[in-house]
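Colleague: Could you take me through one part of this model slowly, as if I were new to reading structures? I'd like to hear how its pieces meet.

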Amino acid sequence: LPFASKAAPVPGFQIELGEKIAGQLGVKLTREWVVSAIQYRRADCDLVLDVIARKDTAPAGGVRISRPYHRSGVVLAVRGDSPASSLASLGSDQRVGVPVGSLVSMTLAKGGAATSPFVFEDDIVTALANREIEAAAVTPMTVGWFNLQHADKPLRLIPAFDNDQDLNWNIAAGLLGPDDKLRQRVDAAIEAMLADGTIARIYARYGIELRPPQ
């Protein structure tokens, strides 16, 4: 969570979005669990949620994208009691948690920031809350979900990477082998869900603010 879960009390926003899109198309949603793009066709998926949509890079796995519905990227998270107001305001000995091998980890390392690598974003924000690190370079979705679960000690977001196009991206639905009619119907479904606030409400249930794509 907040993306998707097999057994949690809530299904995750990706599954809720998939259910709503399927409903708009008048079909049933069947869930297939994969961990990489190479498994999309093995599982015979038609739809993949939360695909990164970039003009300069095609999605992996031969996926065609819908119209974007959200804007995401990397932010700097700090504890609520932190005096930090920017990346530059962190001391040279204060460590930033980063996903291992990520672009943001390389970007920060080139800038001379002290970093600590983690495999999962939820481990990064947990380490931040436990004062093991001083900041976290993660997606707003991870922070939003953490804050929903820890409303007594929420983390604070700093838009430290807003001017870096490589660390900001649009989010869309991914389609495998669609004909033009199906793609148009998925686009229309997303348009309708944006217009009536459905996507915003789904995200809000997971502590996430819907941001318009660019």
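Modeller: Happy to! Start with α3 and helix α4 (residues 140-149), whose axes come within 10 Å and cross at roughly 55°. That angle makes α3 oblique to α4. Keep in mind that this is a predicted model. As for the sense of the crossing, α3 passes α4 in a right-handed way.

Now look at who touches whom. On the α3 side you'll find Glu121, Asp122, Val125, Thr126 and Ala129, and they meet Thr142, Val143 and Phe146 of α4. Sort the residues of this contact by type and you get four nonpolar, two polar and two charged.

Next, follow the chain past the end of α3. Side chains of opposite charge can pair when their charged atoms come close. Glutamate 134 sits in the loop between α3 (121-129) and β7 (135-138), while arginine 79 belongs to strand β4 (residues 75-79), so the bridge ties together parts that are 55 residues apart in sequence. Are these two partners buried or partly exposed? Arginine 79 has 8% relative accessibility, so it counts as buried, because the cut-off for that is under 20%. Glutamate 134, at 23%, counts as partly exposed.

Another of them joins the side chains of arginine 54 and aspartate 166, at 3.4 Å from N to O. Here arginine 54 is in the loop between β1 and β2 (64-65), and aspartate 166 is in the loop between β8 (155-158) and β9 (168-175), which puts the partners 112 residues apart. Arginine 54 is partly exposed, with a relative accessible area of 25%, and aspartate 166 is partly exposed too, at 43%.

One more and we're done: glutamate 19 forms a salt bridge with arginine 31, where the closest N and O atoms are 3.8 Å apart. Glutamate 19 lies in helix α1 (residues 13-25) and arginine 31 in the loop between α1 and β1 (47-53), 12 residues apart. Glutamate 19 is partly exposed at 37% relative accessibility, and arginine 31 is partly exposed with a relative accessible area of 41%.

Note on methods:
Residues are numbered from 1 along each chain as its sequence is written. This is a predicted model: local features need pLDDT of at least 70, side-chain atom pairs count only at pLDDT 80 or more; totals for chains, interfaces and linings use all residues. Side-chain values use heavy atoms; hydrogens and water are left out. A salt bridge is a side-chain nitrogen of Lys or Arg within 4 Å of a carboxyl oxygen of Asp or Glu. Helices (H or I, at least four residues) and strands (E, at least two) are DSSP runs, numbered from the N terminus. Buried means under 20% relative accessible area, exposed over 50%, partly exposed in between (1.4 Å probe, protein chains only). Axes are lines fitted to C-alpha atoms, for helices over the stretch in contact, and angles run from 0 to 180 degrees between N-to-C directions. Angles under 35 degrees count as roughly parallel, over 145 as roughly antiparallel, 65 to 115 as roughly perpendicular and the rest as oblique. A crossing is left-handed if the near helix is turned anticlockwise from the far one by less than a right angle, and right-handed if clockwise. Contact means heavy atoms within 4.5 Å. Ala, Val, Leu, Ile, Met, Phe, Trp, Tyr, Cys and Pro count as nonpolar, Asp, Glu, Lys and Arg as charged, and the others, Gly among them, as polar.
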